[in-house]
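Please find below some notes on the model, as numbered points.

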Amino acid sequence: MSTAMPFAAGTTLLSEVTAAVKTASLTLRDRHTPHARGVSLDEVVAEIHANDDAVLDVLREPLLRARRGSQWAEDELAGGALPSGEWWVVDPAEGNINHVHGMEDWAVTATLVRDNQPVLTVVHLPLTGDTYTAVTGGGARLNDRSLKVSAKTDLGAALVGTGQARPGEDERTFRRIGDSVTAMLINGLVVRVSVPATLQLIHVAAGRTDAFWQFSDVRSGLVAGALLVSEAGGTVTDLAGEPWNTGSRDFLAAAPGIHTAALKVLSPIA
């Protein structure tokens with residue numbers, strides 16, 4: 001991601017977006033159960049859609065009102081560049097598959113994207129009450145605390161991660177994921193493979209883990225974390241080393257001290 005000027009009116013808008021996301025998150029929290037819901041694929045998918053619809057009913061209109069003239073990116077699993085202007089890229093249940101299986105790794109995210117660069121984001125974890133926020137030029141925060149990425153410089157000491165962006169990716173993508181995990185198991189310290197992307201990326205922004213990569217352009221899982229990591233001092237590129245935006249084909253967010261080494265391992269696979 002390229003360096004940008006501070007986002008005008010960011011503080012006021014951030015407060016409104018944070019309030020809207022927290023309110024909508026109550027809906028998702030109330031729908032959570034400690035057991036898995038759905039046995040067949042159709043039942044699981046129905047639970048996922050019901051979660052999405054319930055949160056969007058509460059979240060969509062407040063966000064559009066908060067930023068007049070903004071538009072809504074409808075498909076949360078879509079990738080690629082957006083038309084020019086400001087767009088809300090929202091995941092009403094980031095980690096939805098975890099939610100419907102009774103696990104705790106899920107969140108509600110809302111990110112304002114301007115001309116294919118995220119400029120403001122809110123990630124709220126209803127079960128813990130934690131809120132991660134970032135505004136271009138304003139830094140990244142967890143609740144009231146500033147975030148800073150890891151100071152590591154040795155990939156061999158790094159905790160890194162990747163994951164599957166969506167069901168039904170092509171076989172080539174699945175093989176690249178597997179090859180990249182093997183390569184990082186050899187070159188890194190420990191590799192986490194999990195979903196969703198945002199919940200790995202908040203750990204990169206907070207300095208708890210050192211890198212995350214993904215062979216996908218699914219916007220909703222990347223925009224929030226990309227801004228958080230960048231504003232926390234991390235390096236965010238595609239796997240060719242070029243600055244990342246929503247039109248990029250793949251993704252790497254890392255602590256600056258290990259980014260080059262991670263890129264050297266991953267770019268031949270991409």
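**Notes on the predicted model**

1. The protein chain holds seven helices and 12 strands; helices (H or I, at least four residues) and strands (E, at least two) are DSSP runs, numbered from the N terminus.

2. This is a predicted model, in which local features need pLDDT of at least 70, side-chain atom pairs count only at pLDDT 80 or more, and totals for chains, interfaces and linings use all residues. Residues are numbered from 1 along each chain as its sequence is written, and side-chain values use heavy atoms, with hydrogens and water left out.

3. The C-alpha trace of the protein chain spans about 50 × 45 × 35 Å along its principal axes. Of its 270 residues, 53% count as buried (under 20% relative accessible area, 1.4 Å probe, protein chains only).

4. Among contacts in the protein chain with a separation of 6 or more, 66% are between residues 24 or more positions apart. Contact means heavy atoms within 4.5 Å.

5. Helix α1 (residues 10–31) and helix α2 (residues 41–66) have axes that come within 9 Å and cross at roughly 160°; axes are lines fitted to C-alpha atoms, for helices over the stretch in contact, and angles run from 0 to 180 degrees between N-to-C directions. That makes α1 roughly antiparallel to α2 (angles over 145 degrees).

6. Residues of α1 that meet α2 include Leu 13, Val 17, Thr 27 and Arg 31; on the α2 side, Glu 47, Asn 51, Val 58 and Leu 63 are among them. By class, this contact of α1 with α2 has 14 nonpolar, three polar and three charged residues (Ala, Val, Leu, Ile, Met, Phe, Trp, Tyr, Cys and Pro count as nonpolar, Asp, Glu, Lys and Arg as charged, and the others, Gly among them, as polar).

Methods
Parallel < 35°, antiparallel > 145°, perpendicular 65-115°, else oblique. Buried < 20%, exposed > 50% of the residue type's maximum accessible area, 1.4 Å probe, protein only.
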